[in-house]
Amino acid sequence: MKMTKQEIVLSVIAAGVALFGITILLIRPKFDEWKDIKTKQKDIISMIEKDKDILAQKEKWMTEFDELSGKLPLIPKEQKVDVYWLSMMDQIANKNGVKILKRQAGEEKSLGDVYELAIECKEWEGTLENLVYFLIELQQQGAMLDLRQLLVKPKGKGILRGRFMLYCAYRR
């Protein structure tokens, strides 16, 4: 059977359309992957620019670090830090009329040159005024004490109770 010129042209066009369709089906997942890569590339470029800005301010941050690290207490390696910080917290609490009933020191964590110890106070009691003065005195200790979680509930007759997490920073 002999094909006419018109049938040959239609066959070539049909084959071209079929090849184009197959190509689109095969390329589609790669196109989505390419879009994801472009998005990630933009995010990484943005992060690099932020890092360059931070590095440009290195002297400022080093000066601030030196200033703040000078405020951190220097504790000898042989001294137990949990005893040091627990006694300091108890002293501030007693001075301000806050009763600490249950407390527990966590593990010491190294954050480069600075160390951190978390103290979980599971139960405390005091008036609102006592609590405010206690928190103010903790804040006046500088960069070394940071109260990150505080739960306060009424106990009755002006007495409050609750719990908190106190993080203590220091150098060795």
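Trainee: What makes Y84 partly exposed?

Mentor: The relative accessible area of Y84 is 26%. Buried means under 20%, exposed over 50%, and partly exposed is what lies in between, with a 1.4 Å probe and protein chains only. Y84 therefore counts as partly exposed. This is a predicted model, in which local features need pLDDT of at least 70, side-chain atom pairs count only at pLDDT 80 or more, and totals for chains, interfaces and linings use all residues. Residues are numbered from 1 along each chain as its sequence is written, and side-chain values use heavy atoms, leaving out hydrogens and water.

Trainee: Why is the pair of Y84 and W85 called edge-to-face?

Mentor: Rings of Phe, Tyr and Trp (its six-membered ring) pair if their centres lie within 6.5 Å; planes under 30 degrees apart are stacked, over 60 edge-to-face, and the rest tilted. For Y84 and W85 the centres are 5.0 Å apart and the planes stand at 85°, so the pair is edge-to-face.

Trainee: What is the pair of W85 and Y170 called?

Mentor: Tilted, with 6.1 Å centre to centre and 40° between the planes. W85 lies in helix α3 (residues 81–95) and Y170 in strand β4 (residues 159–171), 85 residues apart. Helices (H or I, at least four residues) and strands (E, at least two) are DSSP runs numbered from the N terminus. W85 is buried at 1% relative accessibility, and Y170 is buried at 0%. Y84, W85, Y115 and Y170 form one aromatic cluster.

Trainee: Which side chain makes a polar contact with that of E116?

Mentor: The side chain of R148, at 2.7 Å. A polar contact is a pair of N or O atoms within 3.5 Å; within protein, one must be able to donate a hydrogen and the other to accept it, and residues adjacent in sequence count only if both atoms are side-chain atoms.
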